[in-house]
2 protein chains.
Amino acid sequence: MGIIVQKFGGTSVADPQKIHNVAKAVIREKENGNDVVVVVSAMGHTTDYLIKLAKEVTNNPDSREMDMLLSTGEQVSIALLSMAIQSNGYKALSMNGQQVGIITECIHSKARIVDIKTEKLNKYLREGNIIVVAGFQGVTPEGEITTLGRGGSDTSAVAIAAALNAERCDIYTDVEGVYATDPRIVPNIKKADIISYEEMLELARVGANVLHPRSVETAKQFNVPLRVRSSFKLDNLGTLIIGVENMEIYKPVAGVAADSSQVRILLSNLPDIPGTAAKLFTALADNNISVDMIIQSLANNGTNSIAFTVDSDDLDTALKILKEQKGTVQAGEILTDKDISKVSIVGAGMVDRPGIAADMFKALADNNINIKMISTSEIKISCLVEKQNANKAIKALCKKFDLESENIAVVKGDLPEV
Amino acid sequence: MGIIVQKFGGTSVADPQKIHNVAKAVIREKENGNDVVVVVSAMGHTTDYLIKLAKEVTNNPDSREMDMLLSTGEQVSIALLSMAIQSNGYKALSMNGQQVGIITECIHSKARIVDIKTEKLNKYLREGNIIVVAGFQGVTPEGEITTLGRGGSDTSAVAIAAALNAERCDIYTDVEGVYATDPRIVPNIKKADIISYEEMLELARVGANVLHPRSVETAKQFNVPLRVRSSFKLDNLGTLIIGVENMEIYKPVAGVAADSSQVRILLSNLPDIPGTAAKLFTALADNNISVDMIIQSLANNGTNSIAFTVDSDDLDTALKILKEQKGTVQAGEILTDKDISKVSIVGAGMVDRPGIAADMFKALADNNINIKMISTSEIKISCLVEKQNANKAIKALCKKFDLESENIAVVKGDLPEV
């Protein structure tokens, strides 16, 4: 008998009827002979409502108090789900982050988990309980309440699975698994039955919003098998995510993803002096701005130009920092381009197949899609294209790499938040 | 510089604007040079909403899970109130029951406080913080979340004041203080400037719903001066409640109260054998039924009859128990009377004035109010009257004992929940 950790998001527990549906999925796993720990998010729009309340009190709420406030959302869900499970005649009890001992750093609103205590969890499991744990929250060694930031509940579930040495962590969502691309763009896209952590990470980073990268990274680190599956179709096994070393076969291209949330910044006429790039990117990093694609090229006149992309939310801050740095690094011009989408193909098998990049560029060219910038990694090739061409590019790439199913997939609901 | 503990109920923090009003009252006390600890209840109807949610999940929610659920209500309020105080430029932080260390018994939904840790409270006060504490909740030594039941937040505030050796505990409500009777019945009733714990207890027990008896009992036990005052009129000092031994003058009758929530049960033809009453009332007590007025009388035929009152919510259970006991104690008949109100006069000075009881009976007789049952204590005389006569009786007694003010008091809002 193994331990299964299940995670249900906010839409899955949005009302009492849905909470009973979740209870059914939980009990089903218990009836399969497993010990079950369930991690849940706050109900539906609870978190948004609490944030709105705080904003009505002050424009600039303290992050410690925000964590105190927001952590109540999950505490409501765990109590209600325990009641629903109990009403079916099963032993259940809820535990908040403090009670479990989900120990985090003391960084409010985006703490990282440093340890998970397993004594109480194991004790309650031995006593035959289904344990319902509040996701998204933790506690510092000093007893301060923290939250984990975006993707927090997924990360809680994976970290608990790792700590308990669970057989598997099942992430229930309102999609049926991981698709090779966004089914809203390519409705007849194939669902992956199995995919590697690495591929999932690349897909997640470039905009396939099924799982937050943090949770996948944690699963990879502790080798926890993940299953992304539907809350509504319990018989559907969804997509299993495991280490690439455990996969017997994989396709050269597992998926296609697009990210339209970035902008490109171009710095021209930089002097070709060592340390210029370091200065620039250190200044950005010091201000917590993540930089994605970076390309540096040497011009004929002996100067450099550096192009890179940042999240569009960070554009104003990035420009301010770059202008401050302009004197130091003697940049000639700062140009921005907001009309970009990053389209990527991802696949663990890519490394062995030299022709994949060429196939990608050809598919785009055949569809009259201009490539503004290219970057590659071992399992990913990304191209910047004009925003208006993003969907066309995705469709072309799915066709090219045989990612469409013969039957049109039916996708229920919106893609879930992470 | 002393410590002042302030308590604000759910109506005082019902929305962001009201939370800012509370922040003003808190800051005012801090500006007076005091260290301030604020205890708050859940916002407005939050608790009712959470109970409704639970009932939608199951008819019979587990009390442990209910405590997990309900304790979130206060946690929302403390976070928002801290933010409101901080937005005025003052240092504040919120603490839930677990963080403070409000240690209780492990009895869910009606736990009693057994200890309050003061290390963190004192540390944060020394650092200049206003501390906002969640009322109504505690934690067992094992880390289980408990709630304190009715009157819980008042009790939290008084217990914290006792633990911190505070100068005073101010209970802010939407009335201006303690009145000699319900101002909804006698609109020109006098507000007491000062009243003893004992008088307050008797007034509270018989239906003057300003403070829950538990909180007054705790204040009495630890000799914490209490002030009941208005959230809306901060200049009004309300009513000070202290030990009778500290009062220099008191009136023979401090207040008049009525309680229409009881029913009378009469057992006739009981054999005059020692132990009969003990058996009956032990059986009731074993089922957690509180019995109030008890009168036993010997009839001519050598049998007893016993009359007593219980809360009308407990009537069905009480009758069931009495019927089971009927064989044992050979009661001839069980009669119930639901048409009763208990009207009481309360006053610490009563004991020195032998004519007070006679004055009460005369006032009722002059108004054609029949007395069904009488009971007395050192500082209280209660009479059962027909329900329809309760308000008439209160008015007559207020007039008789000079409890009406010359000026008509203006009372804002409803009487608060306890």
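The place of a charge is NZ of Lys, CZ of Arg, CG of Asp or CD of Glu. This is a predicted model, in which local features need pLDDT of at least 70, side-chain atom pairs count only at pLDDT 80 or more, and totals for chains, interfaces and linings use all residues. Residues are numbered from 1 along each chain as its sequence is written, chains are lettered from A and ligands numbered from 1 in the order in which they are written, and side-chain values use heavy atoms, without hydrogens and water.

**Figure 1. Chain A as a whole.** Chain A has 12 helices and 22 strands. These are DSSP runs numbered from the N terminus: helices are H or I with at least four residues, strands are E with at least two. Chain A is as compact as a globular protein of its length, because its radius of gyration of 23 Å is close to the 22 Å that the globule rule gives for 418 residues. That radius is taken over C-alpha atoms, and the rule is 2.2 Å times the number of residues to the power 0.38. Along the principal axes, the C-alpha atoms of chain A fill a box of roughly 75 × 55 × 35 Å. Of its 418 residues, 58% count as buried. Buried means under 20% relative accessible area, exposed over 50%, and partly exposed in between (1.4 Å probe, protein chains only).

Figure 2. Chain A carries 44 positive and 52 negative side chains. The centres of the two sets lie 2 Å apart. Contact means heavy atoms within 4.5 Å. Among contacts in chain A between residues at least 6 apart in sequence, 74% join residues at least 24 apart.

**Figure 3. The interface between chain A and chain B.** In this interface, 41 residues of chain A contact 41 residues of chain B. About 3100 Å² is buried between the two chains, and carbon and sulfur atoms give 61% of that area. Val57(A), Glu65(A) and Met83(A) supply 20% of the area that chain A buries against chain B, more than any other three residues. Buried area is the accessible area (1.4 Å probe) that two parts lose on being put together, summed over both.

**Figure 4. Ala54(A) in helix α2.** Ala54(A) sits in helix α2 of chain A, residues 46-57. It is buried, at 0% relative accessibility. Leaving out residues up to four places away in sequence, Ala54(A) touches Pro61(A), Met66(A) and Leu69(A), along with Leu80(B) and Met83(B).

**Figure 5. Gly135(B) in a loop.** Gly135(B) lies between β6 (130-134) and β7 (137-139) of chain B. Its relative accessible area is 0%, and it is buried. Beyond residues up to four places away in sequence, its contacts are Val39(B), Val40(B), Glu74(B), Ser153(B) and Ser156(B).

**Figure 6. Two residues with positive phi.** Most residues other than glycine have a negative phi. Asn165(B), not a glycine, has a positive phi of about 55°. It lies in the loop between α6 (152-163) and β9 (168-173) of chain B, and is exposed at 68% relative accessible area. Asp402(B) has a positive phi near 60°. This residue lies in the segment after α12 (390-400) of chain B and is exposed, at 51% relative accessibility.

How values were computed:
Lys, Arg positive; Asp, Glu negative; His and termini not counted.
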